[in-house]
Amino acid sequence: MLHHVGIEVAPEEIERTVELWGLLGFERVEPPPTLREYAWLERAGTQIHLMPSESPTVPPRGHTAVVVAEFERTVRDLAERGFEVERRREHWGAPRARVIAPGGHRVELMAAAPGSA
């Protein structure tokens with residue numbers, strides 16, 4: 001099981017990034033007292049740690065992929081909230097899309113994991 005991913009985010013983009021991950025089913029959780037400057041989010045035991053950085057590193061092709069339970073509704077909700085969503089080519093018979101998070105991080109949305117569609 002993947003426990004967490006740390007993502008550098010400009011401080012002024014933290015709350016909008018929390019909103020995006022919330023639409024993907026992640027809820028804010030309390031970090032330990034020694035890490036209060038981070039925003040932690042969790043879904044089914046996997047966490048996203050948003051790490052404030054004045055000069056965040058955004059990989060040009062790297063991304064995080066998330067299986068979303070209600071794919072079409074999630075894509076619609078993201079677009080309605082002003083997030084840039086792009087449908088992508090299917091690889092294993094299940095819809096996919098990509099959303100650009102604040103600051104440029106890419107998040108792949110999958111209707112199903114490989115082999116489960």
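Against which elements do the buried residues of H2 pack? The structure is a predicted model, in which local features need pLDDT of at least 70, side-chain atom pairs count only at pLDDT 80 or more, and totals for chains, interfaces and linings use all residues. Residues are numbered from 1 along each chain as its sequence is written, and side-chain values use heavy atoms, without hydrogens and water.

In helix H2 (residues 71-80), Phe 71, Thr 74, Val 75 and Leu 78 are buried (under 20% relative accessible area, 1.4 Å probe, protein chains only). Seen down the axis of H2, these buried residues fall within an arc of 100°, so they line one face of the helix; the arc is that of the directions from the helix axis to the C-beta atoms. They pack against helix H1 (14-23), strand S6 (84-88), S7 and S8 (contact: heavy atoms within 4.5 Å). Helices (H or I, at least four residues) and strands (E, at least two) are DSSP runs, numbered from the N terminus. Gly 82, with a positive phi near 90°, follows H2.

Pockets were located on a 1 Å grid over the protein atoms alone, as open sets of points where a 1.4 Å probe fits, with protein on both sides within 12 Å along at least five of seven lines; lining residues have an atom within 4 Å of a point. The largest pocket has a volume of about 210 Å³, a volume being the space filled by probe spheres set on the points, which are joined across faces, edges and corners. Strands S7 (96-100) and S8 (106-110) each give two or more residues to its lining.

Terms used. Buried < 20%, exposed > 50% of the residue type's maximum accessible area, 1.4 Å probe, protein only.
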